[in-house]
Amino acid sequence: MPTQELSGTALVTGASRGFGRAIAIALATHGAHVVGIARGGARLEELRAQLGGAFTPVAADAADPVVAGLLLDKYRPRTLILNAGAAPLTRPIHRQTWATFSRNWEVDVQHVFNWTREALLLPLEPGSVVIAISSGAAVKGSPVSGGYAGAKATIRFIASYAAAESRRNALGITFTSVLPALTGETDLGATAVAAYAARRGVDVPAFLDGLGPALTPEQVGTAILDIVTGSGSGEGQDAYLLTAAGLSPAP
């Protein structure tokens, strides 16, 4: 568990559900004022009702480059979590169109590129931490989700490139990426699990049994805290693989 309380502002994209919601709760619970961004205003308001004054909801499209520039200028976060993304169409390659195949490039990658660029240009204050949420699919592939795996691999590259630029220009900003394992504990993950179970001709419980212990959103929130605070295994890596067993250096 984290060994210190957070201070300052944390900004989380895709904060209304799944991993983003759990990360926002974990950060707010440990002392940060969290600015949560998502297109769904109603879910953000539910989170504000839960977290009170520790949470500021912003209903906006995180993939809009204007949103990235305006909100970083306004809030100057010490912690920036880039979690927003689109749900891919779960079909094999020959049943995709270019529009469906490239969806995660247009949303997930563009969003990480825009926010990372703005964080370097501003720049954020020394000691700030920027974490891009990638996916275990960046390592293992994902043949039933179009360009999803390639998009998530590119997110990992962008975080790595930004870390090199921060070092090169002595900015003191930490950039890293986290690659969560496939899990049925989120809406996006449950859709992927159902697609893979059908592809293998097994039912969902049997497929989940083969995956082993499920990674929960709460575990993701704890792992992000470990990275931000430099606690435990969450310190000093360019990229992390995240499973139910915790963080480990990504291959």
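Arg 76 follows helix 3, and its phi is positive, near 40°. This is a predicted model.

**Helix 3**

- Helix 3 covers residues 65-75.
- At its start, a side-chain oxygen of Asp 64 comes within 2.9 Å of the backbone nitrogen of Val 66.
- Which residues of helix 3 are buried? They are Val 67, Ala 68, Gly 69, Leu 71, Leu 72 and Tyr 75.
- An α-helix has 3.6 residues a turn, so residues three or four places apart point the same way.

**Salt bridge between Asp 108 and Lys 152**

- The structure holds seven salt bridges.
- In one of them, the side chains of Asp 108 and Lys 152 meet, at 2.8 Å from N to O.
- Asp 108 lies in helix 5 and Lys 152 in helix 7 (residues 148-168), so the pair ties together parts that are 44 residues apart in sequence.
- Are these two residues buried or exposed? Asp 108 is buried, with a relative accessible area of 0%. Lys 152 also counts as buried, at 5%.

**Salt bridge between Asp 238 and Arg 167**

- The side chains of Asp 238 and Arg 167 form another salt bridge, at 3.9 Å from N to O.
- This pair links distant parts of the chain, 71 residues apart. Asp 238 sits in the loop between helix 10 (217-229) and strand 7 (239-243), while Arg 167 is in helix 7.
- Asp 238 is partly exposed, at 37% relative accessibility. Arg 167 has 56% relative accessibility, so Arg 167 counts as exposed.

**Salt bridge between Arg 117 and Glu 118**

- Arg 117 pairs with Glu 118 in a salt bridge, and their closest N and O atoms are 3.9 Å apart.
- Arg 117 is partly exposed, at 43% relative accessibility.
- Glu 118 is partly exposed too, with a relative accessible area of 21%.

**Ser 134**

- Where is Ser 134? Ser 134 sits in the loop between strand 5 (129-133) and helix 6 (137-140).
- Its relative accessible area is 4%, so Ser 134 is buried.
- Setting aside neighbours within four places in sequence, Ser 134 contacts Lys 152, Ala 153, Ile 155, Arg 156, Val 178, Leu 179 and Pro 180.

Conventions. Residues are numbered from 1 along each chain as its sequence is written. This is a predicted model: local features need pLDDT of at least 70, side-chain atom pairs count only at pLDDT 80 or more; totals for chains, interfaces and linings use all residues. Side-chain values use heavy atoms; hydrogens and water are left out. Helices (H or I, at least four residues) and strands (E, at least two) are DSSP runs, numbered from the N terminus. Buried means under 20% relative accessible area, exposed over 50%, partly exposed in between (1.4 Å probe, protein chains only). Contact means heavy atoms within 4.5 Å. A polar contact is a pair of N or O atoms within 3.5 Å; within protein, one must be able to donate a hydrogen and the other to accept it, and residues adjacent in sequence count only if both atoms are side-chain atoms. A salt bridge is a side-chain nitrogen of Lys or Arg within 4 Å of a carboxyl oxygen of Asp or Glu.
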